[in-house]
Amino acid sequence: MFLKSIGLSGYRNYADFELRTDSSVNIFIGPNAQGKTNLLEAIYVLALTKSHRTHQDKELIGWDKQQALLYGELDKKYGPIKLQLSISQNGKKAKLNGLEQKKLSGYVGAMNVVMFAPEDLEIVKGSPGIRRRFLDMEIGQVQPSYLYDITQYQKILLQRNNFLKTPAAANSSGSAMLDVWNEQIAGYGVKIIKKRQSFIEKLQQWAERIHSGITNGQEQLLIRYAPSLECPPEEAEAVLLDQFMLKLSKVKEQEVRRGTTLVGPHRDDLLFYINDKEVQTFGSQGQQRTTALSLKLAELELIREEVGEYPILLLDDVLSELDRYRQTQLIETFQDKVQTFITTTGIESVNLDKISGAAIFQVRSGTVVAE
């Protein structure tokens, strides 16, 4: 897929902005705090309706603006698509080829993107919540039904947690109410677990191969799913549902005492191992960086496998973070295959010898000028 143009109105520090993106590699150069990251974030938001930097949509709306508008033209294997997303205090509205989508899950997936930013190192060494968000955003791109399942699960989880904090949760009438929520949270929870299992299995296959290539066969990367509920991949959903319900009944008193739900996908984690040693705890910074790079390159291949074409790659100030060898590995992966958008504070940090036909832009105070 190929993004031919991007337009913004009232988005962060971009008042009114349009840019033709006709090159397969587009490099945006400028000092910090000028709008380079905002531009890449806008492409990400146009695809996924969410930012990778903030959970607060209001932060995406420019100062003194009522709404932010994002739009773009995308060429796909099956034809062109026009995307439009508006963000206001009242929520978000998305259109595909001028037709408003009733649900955002019907919009997400029209354009696929993979973002690689310095903070992605936190996927490896950060909190479990960061890794769960990584899973949710990436699976949602290729399986829109996953977005519906996770949204419903989170709504029920919030209601259940609020109820567990009340005195009523400890009495007999409260038990009947919990039984209703247990069935709902287990039903959606099992669907989420199964989809995560499938995604991680495919991600492992690609990441292991890529990581071995980057490290000249010296390191073997293993990605392991660590759910809060024992659930072998071969187990049927009906069996997992029974196990989920049983686990909820066993921890009921503990949940009432602590006022929170202790079992479910909201407590899952991802573990990374290099040569059988856990990367989060025992890996060097170089190994953690290489693991994050392997994950992102694996994402490219996994999305291509799922949707039939490569996604768009967004590299936000990461080439300067990589040594020459890893930078070459990354560039050789996307060169001539993936449309790529790169931000950097200086062109000297980019190995231009490996990139042919790149379009270069200067970014200053929310304005973008082609060199």
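The model is a predicted one. Helix H9 (residues 285-307) takes part in two of the helix pairs described here, one with helix H5 (residues 172-214) and one with helix H10 (residues 324-334). The aspartates are Asp 149, in helix H4 (residues 144-164), and Asp 120, in a loop between strand E8 (113-116) and helix H2 (121-125).

**Helices H5 and H9**

- The axes of H5 and H9 come within 8 Å, with a crossing angle of roughly 125°.
- H5 is therefore oblique to H9, since the angle falls in neither the roughly perpendicular range of 65 to 115 degrees nor the roughly antiparallel range over 145.
- The handedness of the H5 and H9 crossing is right-handed.
- The contact of H5 with H9 comprises 11 nonpolar, 4 polar and 6 charged residues.

**Helices H9 and H10**

- The axes of H9 and H10 come within 11 Å and cross at roughly 0°.
- Because angles under 35 degrees count as roughly parallel, H9 and H10 are roughly parallel to each other.
- On the H9 side, Gly 286, Thr 290, Leu 293, Leu 297 and Leu 300 meet Arg 326, Leu 330 and Thr 333 of H10.
- By class, 4 nonpolar, 3 polar and 1 charged residues form this contact of H9 with H10.
- An α-helix has 3.6 residues a turn, so residues three or four places apart point the same way.

**Surroundings of H10**

- Gln 327, Thr 328, Leu 330, Ile 331, Thr 333 and Phe 334 are the buried residues of H10.
- These buried residues pack against H9 and against strands E3 (25-29), E8, E12 (312-316) and E13 (340-344).
- Asp 336, which follows H10, has a positive phi near 70°.

- Asp 149 counts as buried because its relative accessibility is 5%, under the 20% limit.
- Apart from neighbours within four places in sequence, Asp 149 is in contact with Tyr 188, Lys 191, Ile 192 and Lys 195.

- A polar atom of the Asp 120 side chain lies 2.7 Å from the backbone nitrogen of Ala 117.
- Setting aside neighbours within four places in sequence, the residues in contact with Asp 120 are Met 115, Ala 292 and Lys 296.

Key:
Residues numbered from 1 in each chain as written. Predicted model: local features only at pLDDT ≥ 70, side-chain atom pairs only at ≥ 80, totals over all residues. Heavy atoms only, no water. Axes fitted to C-alpha atoms, helices over the stretch in contact; angles between N-to-C directions. Helix = DSSP H or I, 4+ residues; strand = E, 2+ residues; numbered from the N terminus. Left-handed = near helix turned anticlockwise from the far one by under 90°. Nonpolar A, V, L, I, M, F, W, Y, C, P; charged D, E, K, R; others polar. Buried < 20%, exposed > 50% of the residue type's maximum accessible area, 1.4 Å probe, protein only. Contact = heavy atoms within 4.5 Å. Polar contact = N/O pair within 3.5 Å; in protein donor to acceptor, adjacent residues only side chain to side chain.
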